[in-house]
Amino acid sequence: MTNFEEINEVYVRDLRIDDIAPVYHLGEELFTSDLYPYLYRTWDEWEVIGLYNTDPEYCLVAEIDGELAGFILGTIITKASWTYGYILWLGVNPQFQRQGVADKLVDKVVSRMIEDGARFMLVDTDPTNVPAVKFFNRKGFGNIRQHIFLSMNLSKHPYYGRLIDYEHQKAERAGYKRSRPAIRARKPDSFANEVVLNPLVNEFQTNEE
């Protein structure tokens, strides 16, 4: 009889082009605006596509029984004599949490970065994501620094108001020009039955009407 561990074996492999859409959609499910607004604002399909193109060796997915169980996206940063490994994104499918998916993904990408010369690892997450903070602490990450993000509602900015007013006025002027009937000079009665001989003039008057 097959035991539980064999049924739920975690298989980690390189991200492939066919994985881009499923990984993006899984991130959409995980990084929601109500739970993690910062992650929500920065997560999009280009995060996956860009890292797949520039750092494919640090873009991995985990599978369980052929289903997407999680993903990790990372990069290498070189500054002066230091080479940093940077884990940018880590996500686990809720169906497969607490089965070692995140552990295997992090272990695999860290080992690859060590092989490529990284001597320091960085990771960031939303400070409210307590499970993630605890997980990375357990994996050996520490020295927590919180980064402050400030925001401004641009709809309250004076330039925004002036721009909206300008666009409204422009739309009103355009609408007035379209709806205003063409003004045509009335011919004297004595010329009412004359035929216009110049075809260009005739075409112009037809278009104006």
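Tutor: Lys-139 has a relative accessibility of 24%, and because buried requires under 20% and exposed requires over 50%, Lys-139 counts as partly exposed. The model is predicted. Lys-139 forms a salt bridge with Asp-103, and the closest N and O atoms of the two are 3.0 Å apart. This pair links distant parts of the chain, 36 residues apart: Lys-139 lies in the loop between α6 and α7 (158-179), whereas Asp-103 belongs to helix α5. A single network, joined by salt bridges that share partners, takes in Asp-103, Asp-107, Arg-138 and Lys-139.

Asp-103 also meets the side chain of Arg-138 in a salt bridge, at 3.1 Å from N to O. Here too distant parts of the chain are linked: Asp-103 is in helix α5 (residues 101-115) and Arg-138 in helix α6 (residues 130-138), 35 residues apart. Arg-138 counts as exposed, because its relative accessibility is 54% and the cut-off for exposed is over 50%.

The structure holds six salt bridges. One of them is between the side chains of Glu-63 and Arg-13, at 2.8 Å from N to O. That pair links strand β2 (residues 59-64), which holds Glu-63, to strand β1 (residues 10-14), which holds Arg-13; the two residues are 50 apart and in distant parts of the chain. Both Glu-63 and Arg-13 are buried, whereas Arg-138 is exposed and Lys-139 partly exposed.

Methods:
Residues numbered from 1 in each chain as written. Predicted model: local features only at pLDDT ≥ 70, side-chain atom pairs only at ≥ 80, totals over all residues. Heavy atoms only, no water. Salt bridge = Lys/Arg side-chain N within 4 Å of Asp/Glu carboxyl O. Helix = DSSP H or I, 4+ residues; strand = E, 2+ residues; numbered from the N terminus. Buried < 20%, exposed > 50% of the residue type's maximum accessible area, 1.4 Å probe, protein only.
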